[in-house]
Every structure is written in C-alpha cells, then in structure tokens.
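Here are a few friendly notes to read with the model open beside you. Take the points in order and find each residue as you go.

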Amino acid sequence: MAISVFDLFSIGIGPSSSHTVGPMRAARMFVSRLKKDGVLAQTASVRAELFGSLGATGHGHGTPKAVLLGLEGHSPRTVDVETADDEVERIRRTGKLRLLGTEIGDVHEIDFDEPNQLILHRRRSLPYHANGMTLFAYDASGAPLLEKTYYSVGGGFVVDEDAVGQDRIKLDDTVLKYPFRSGDEMLRLANETGLSISSLMMENEKAWRTEEEIREGLLEIWRVMQSCVSRGMSREGILPGGLRVKRRAAATARQLRTEGDPLLHRSEWTTIYAMAVNEENAAGGRVVTAPTNGAAGVLPAVLHYYVNFVPGADEDGVVRFLLAAGAIGMLFKENASISGAEVGCQGEVGSACSMAAGALAEVMGGSPEQVENAAEIGMEHNLGLTCDPVGGLVQIPCIERNGMAAVKAVTAARMAMRGDGSHKVSLDKVIKTMKETGADMKVKYKETARGGLAVNVIEC
C-alpha cells in the first residue's frame, strides 16, 4: 500500500473531510461513472441514501449540500466556496439537478425532489465502514441504470464496494524506494540510509512526481493554509448551523497584537492560528484536509509557530515539515484510522497532534528517534478522545480542541528535543493502542451526536 503526502493533505471545503469532502467526491465519481458507461443522457432520476454517521450527523456536517454539489460535477478542490450555497439553493428552489453540469457542454437537467431522493438513515449502517452511502440512477421508465456504494473512510478518502477487500482498502500499489509501514521500519531505514524522516518521504514521493513538483505542491498547500489562517483572523460574526457560535480568532488576535512581543504569547498565538482555521472550516470555507477537516487547524497552527517563532525557519523547512508530517500520518492511516466515525476524535485531532509534533521536531533539528518520540507523545496524550460534536456541527468542541492540540504538539516536540529519542512507549504501540481504544469505544462517542457533549449540552 502506497500513500502519498498529497493524499493526506488535500485542498477542500469545510466543514468535514469524511462528511463533506468524501461524499462530494463520491457523488462526482457516481455521475462520472454514468458518463463513462454511456448512460448519462438516459438518466432521468437519481437517489442517494446515507448511512451510519453520514446519516446521523449529515445535516450538521453539510453532507446533503456536498452530495448535491458532487452530482453537479463539483470537486472539493475547485468548488467556489463563495457561491456554493447559492448553487444548492438553486437546486432546492427549482427542483432541478444538472448532472455533471460543470464538466459537460450540454447540461443534462433532471427533476430532483430532495426530501424523497436524498435520504439520511439515522439508525442504519452499511457493513464495511460507519460512513457509507449508496447512489442509484434510473431511466425514464424507472429501470435501474447504475447502483454504487461508496465509503468515506476519513480524510476525504473514498472507496467503492469494488475496492473493499475482506478487511482493508485496496490502495495504490506504486513501488516506493523506501517503503515503510511502521515506525520501527521508518527508523530502521533512516539509520541504514542516514536520511532524515522527511528525506525518506521525499524519495518515496518521487515515485509519483519530480522533486520540483513535490516542492511546489507542498508550498501550494502551505499557501492555502496561510490564506485560511489570514481569513479566519479577519472575519467576525456568528458561525452557521443554529448553535450561534461566535467567531473568536479575529478579536483575540487584535487583543494579542496590543499586548507586546509575540514571543511572550507564543502559545496563545498558536491556539488562535488553529481556531482561525477551524472557524473557517465550520463556515464551509477553503481549508487543507490535514489529515481531516475536523483536525484541519493543528498542522497549520504548528507550521505558523515554526515560521514565526523558530529561528532560521524557511521554505525548505516548510517542505520538510509537511513531508515528515505525512510520513507519520501515513502510519496512522495504514495501521489504525483517521476517521472520527471509526475511532473517535483521537483518530482526527490525535493523529494531527502526533503528525505536527513529529514534524516540528524534524525542522528543529531532531534526530529520527526524536521525531518518532515527539509523534508518540503527541498521540499518547490524546488516547480515548471522543468525537461528540454538539448538534452534529464541527464547532463545539472541535474549534477549541484544535487549538489545544496545536499547543500540545509544540510541547511534545520540545519535550522530545530535550531527550535523546529513547523512550518506553513506541509510536507503533501507541498507534495500536489508539486503534484498540477506538474499537472498544461506544458508537455514541464516534461522530453520531448521540453521546457526550452532544447530548449534555442544550442546543441554542
């Protein structure tokens, strides 16, 4: 199995990678398949059914909106976040859907009755994963043309039923120069080759792209992160969704600017960087999935910490940071999960904290052992973290949780840098523990909005 850093870090739309980005991709895949099979012109109606966590919290996560946009051919990377709501309102107002309308010259418009043709099953699940959806297409006589089931498995990754094996996903089988599937293997390769973690990842990325393409792609990811932080620290008002959560990043940033030397407030600035991103995410803005949207603020915040507060920070360090973070994220993706619906928020914010901690240790000059230690510390102290969003919205506790995890990542990196890399609990063991903890966790604590804060906080 080969996972690229560009699989883990993708440019998309808020508020959720598994509930917004994944379903939009799946819906677009479905209509693209209709076109490929030569039956798009015959399609008179479509139906989408959402199961498990998608059905339970889909409205709060914007899943219906994502499905409608995907059916019209939009992709998370390129959809205009400023006009997306208007596009959905047009569909709902007219009762008309333009299948793959953004791609084909002749608009194929069909009738669409959302209450009856986009169904959210709050208590039913599909067998492979908690985030499942099935789409159907019919001709004018009602005869079926296509039926496909897709799973949004976290971080915007989507697989259909054909790609689901007995117990795992069949991913890219590209041959890598330095393949590793565990922290131990990663350290062994680093010691054998003398390469850093980021350099190992760079050599593997060359299986898909040139070094210049990798560098430019990662710097583009960084530019989007910077833009997201900047927007989040300039916008005020109330977030959508009904909870009437007030944006706080902009006001807090103004306060901090009046309080003197930023170095004296590094932790607060790191918190605000993360909250700015997740406020943008909650508003359906453009974010980088890193490795999920629910945890999208952690890595940008720690990367801003590096650029603003670590002497000697430069663009090469930004590239190395993202490569090292990708190496660690790949281990979580392959050996456990980054899906809140599968293992709780420990798989989202916990994984992001671990990735950011290891990456920061890397760019501060840490050895491979110190990088692995930092990543382990970052995850160890997020074990058992539940996913219990109030109202099914990616707002409470998600926004503050990203700020806390970003500060925790910085602390983990600095703790690791004070040691020599030797420690009792390995990254592999903590990843295994996270997976087992997620399996033991009750379903109500895994992105269903049926437990924890989701039921103990009165929605306003």
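1. A nonpolar core is a set of buried Ala, Val, Leu, Ile, Met, Phe, Trp, Tyr and Cys residues joined through side-chain atoms within 4.5 Å; buried means under 20% relative accessible area, exposed over 50%, and partly exposed in between (1.4 Å probe, protein chains only). The model is predicted, with local features needing pLDDT of at least 70 and side-chain atom pairs pLDDT 80 or more, while totals for chains, interfaces and linings use all residues. Residues are numbered from 1 along each chain as its sequence is written, and side-chain values use heavy atoms, leaving out hydrogens and water.

2. Which residues touch the most other members of the largest nonpolar core? Among its 105 residues, they are Phe9, Leu299, Phe321, Leu322 and Leu360. Helix 13 (residues 315–335) gives the largest share of this core, twelve residues; helices here are DSSP runs (H or I, at least four residues), strands are E runs of at least two, and both are numbered from the N terminus.

3. A second, separate core has 35 residues, including Val46, Leu50, Val88 and Ala137.

4. Now look for cis peptide bonds. One joins Gly14 and Pro15, with omega about 10°, and Pro15 sits in the loop between strand 1 (10–13) and helix 2 (17–36). Another runs from Ile396 to Pro397, with omega near 5°. Ile396 lies in the loop between helix 16 (368–380) and helix 17 (398–417) and is partly exposed, at 32% relative accessible area.

5. Finally, check two phi values. Arg244 has phi near 55° and is exposed, at 60% relative accessible area. Ala449 also has a positive phi, about 60°. Most residues other than glycine have a negative phi.
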